[in-house]
Amino acid sequence: MSGPRLTGERLQKVLASRGWGSRRACEELIAAGRVTVNGEVAQLGRRVDAEHDHVEIDGAPVGIRPELVHYLLNKPAGVVTTAADPQGRRTVVQLVPAEPRVFPVGRLDVDTEGLLLLTNDGELANRLAHPSHGVEKEYLATVATHGGPVSAGAIRRLREGVELDDGLTAPARISQPSPGVLRITIHEGRNRQVRRMCEAVGHPVTRLVRTRIGSLRDRRLRPGTWRVLTAVEVRDLARAVAAPTGTLRPAKAPERPPCRTGSSPPNDAV
Ligand code: URA
C-alpha cells in the first residue's frame, strides 16, 4: 500500500465539483467509507490526481477524469446509430464534436428519433448497456389504429408481456396520452423491441421517439442538436448502474449547458 498522497486536489473538493453535493456532504461520504480511490477506501484528507486516480462511490465510478465527455443527442429520423455507415448515410457521431471520439450507448433504429447518449466513458457505457442494470427507457409511439384508440386489451397485453420470436417481454408501463399514441416504458434493450411489441398486438408503429433514458430527459433539446450532460446527470446515471437493479425515475429538468442548434423542427410529441 502506498503512503498518503501529498499532491493533487482534495477528494471532497473534486467530488463536490462533480456534483456530489457540498464539500461538507462529500466529506461525510468519505467519512462513511463510501468512497474508494484506486480500490482502497479513502480517508478524510485524501488528495487525488483527477488524470490518473480511479474514484468510486458505492462501487460506481465517479467521472472525475476531465477527458471524459458525455453528450445527450436528440437523434432525428434518418440518421444511423453507428460510428461509420458503409452505405454512407449520416451517422449520430457526425452530429456531435469529432474530438474526442465518442460512441453511442445502445442504439436507436434509423427511423427512431429522440434521446441518445454518446460518450468516451467506456466503463459507464458498459454498465448502462448491461441488461442486469435494467435502466428504464421511455418512448412515445404513434401507432396505426382503425380510427379509434388502442384497446384496453392490447394495452394490457403490452403491460403484461408480449410473446416475440426471441421470447416473452418483461412487464412494461403503458399509457395512452392521446388516442393512438402510447407512452411505453421498458427496461430491456432488445432489437427493435418497441416496434415488435406494438406490431404483435396489431398496432404497427408509425413514429417512435425516445423521451427518457433513466433519469435523463430533455423536452427542449431540438432534433439534431446535442448538449453536454451536467455533472449531476452523469452522477445520477452512475448511481443508477451501481445499484443491482438500478432504475431511476425522471429528475427535475437540469440547468442547461449550451447546445448546438440543428436544422430540423422540434419533436412535437416529446
Ligand atoms: N425499440 C424500437 O423498436 N426501436 C428503437 O429504436 C428503440 C426501441
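Residues are numbered from 1 along each chain as its sequence is written. Because the model is predicted, local features need pLDDT of at least 70 and side-chain atom pairs count only at pLDDT 80 or more, whereas totals for chains, interfaces and linings use all residues.

The ligand is surrounded by L108, D109, T112, R192, Q193, V194, R195 and L208, a residue being near a molecule if its C-beta atom, placed from the backbone, lies within 6 Å of it. Three of the residues in this shell are nonpolar, two are polar and three are charged; here Ala, Val, Leu, Ile, Met, Phe, Trp, Tyr, Cys and Pro count as nonpolar, Asp, Glu, Lys and Arg as charged, and the others, Gly among them, as polar. Helix α5 (residues 193-200) gives the largest share of the shell, three residues, helices (H or I, at least four residues) and strands (E, at least two) being DSSP runs numbered from the N terminus. The ligand lies between domain 2 (70-132 + 215-242) and domain 3 (136-213), because both give residues to its shell; the domain bounds come from an automatic or database domain assignment.

The largest nonpolar core has 44 residues, of which L11, L72, L73, V96 and L118 touch the most other members. Such a core is a set of buried Ala, Val, Leu, Ile, Met, Phe, Trp, Tyr and Cys residues joined through C-beta atoms within 7 Å, and buried residues have 20 or more other C-beta atoms within 10 Å of their own, with C-beta atoms placed from the backbone. The largest share of this core, five residues, comes from α6, and at least three residues are drawn from each of domain 1 (9-61) and domain 2 (70-132 + 215-242). Apart from this core lies another, of 18 residues, including I186, V194, L208 and V209.

Terms used
Buried ≥ 20, exposed ≤ 12 C-beta atoms within 10 Å, placed from the backbone.
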